[in-house]
Amino acid sequence: YKSCMHQVTLHLGETTLTLCAGTAQRLLPIGLATLAQAFDHRMPNALALENAIANVEDAVMPATHWLPPDVQTLASQDALVAQLTQCATGHPDAQSASREAVEALFSALARQALQPGFHDLQLVQTPEFAAALLVLRESMHHWGMTELVALPATA
């Protein structure tokens, strides 16, 4: 990951999230597999999504006091983040998305969760995508980030 005080990176692990700011690193106690399991390995219904929001908030809120105060960009090399920025913006080659675009995509997930059997075409219909969207939305919201950036994956 790039080391820069003006950039915070997040790695979406199976059972933990790895948050990096400069040379400092923190593990947050929630991951995509954990959330997908909580979703019963399918797209979340309203109750599952509501419970997951509370769990993600509990995991990401403590980092608020640790992050540099002036950082507004959340970056990640995860493929799901690249996919999410493209879905949020509607552009197949997008490499960044505003917090508003991520919020709008999350709103689509919330609407879908309220309508069993409905599939929003804007969303990738996997529990891992839903989990990544939830984590990124909550992280950006609670950490005051205004932009999500998909970094190129390193070989």
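Q: Before we get to the sheet, when do two strands count as paired here?
A: Two strands pair if DSSP finds at least two bridges between them. Keep in mind that this is a predicted model.

Q: Okay, how many bridges link β2 and β3, and in which sense do they pair?
A: Strand β3 covers residues 24-28, and β2 pairs with β3 over five bridges in the antiparallel sense. One spot to look at is A21, which sits opposite A24 in β3.

Q: What lies between those two strands?
A: They form a hairpin with two residues between them. G22 is in that turn, with a positive phi of about 65°.

Q: And how does β1 run against β2?
A: Antiparallel again: β1, residues 8-12, is joined to β2 by five bridges. H11 has T18 in β2 as its bridge partner. A hairpin through four residues connects β1 to β2.

Q: Is β2 mostly covered or mostly open?
A: Mostly covered, since five of its five residues, 17-21, are buried.

Q: Which β2 residues point which way?
A: L17, L19 and A21 point one way, T18 and C20 point the other way, and all are buried.

Q: Switching to α3, which residues there are buried?
A: In α3, residues 79-89, the buried ones are L80, V81, L84, T85, C87 and A88.

Q: Why do those land on the same side of α3?
A: Because they cover an arc of only 165° around the axis. In general, an α-helix has 3.6 residues a turn, so residues three or four places apart point the same way.

Q: What comes after α3?
A: G90 follows α3, and its phi is positive, near 80°.

Definitions and conventions. Residues numbered from 1 in each chain as written. Predicted model: local features only at pLDDT ≥ 70, side-chain atom pairs only at ≥ 80, totals over all residues. Heavy atoms only, no water. Buried < 20%, exposed > 50% of the residue type's maximum accessible area, 1.4 Å probe, protein only. Arc of directions from axis to C-beta.
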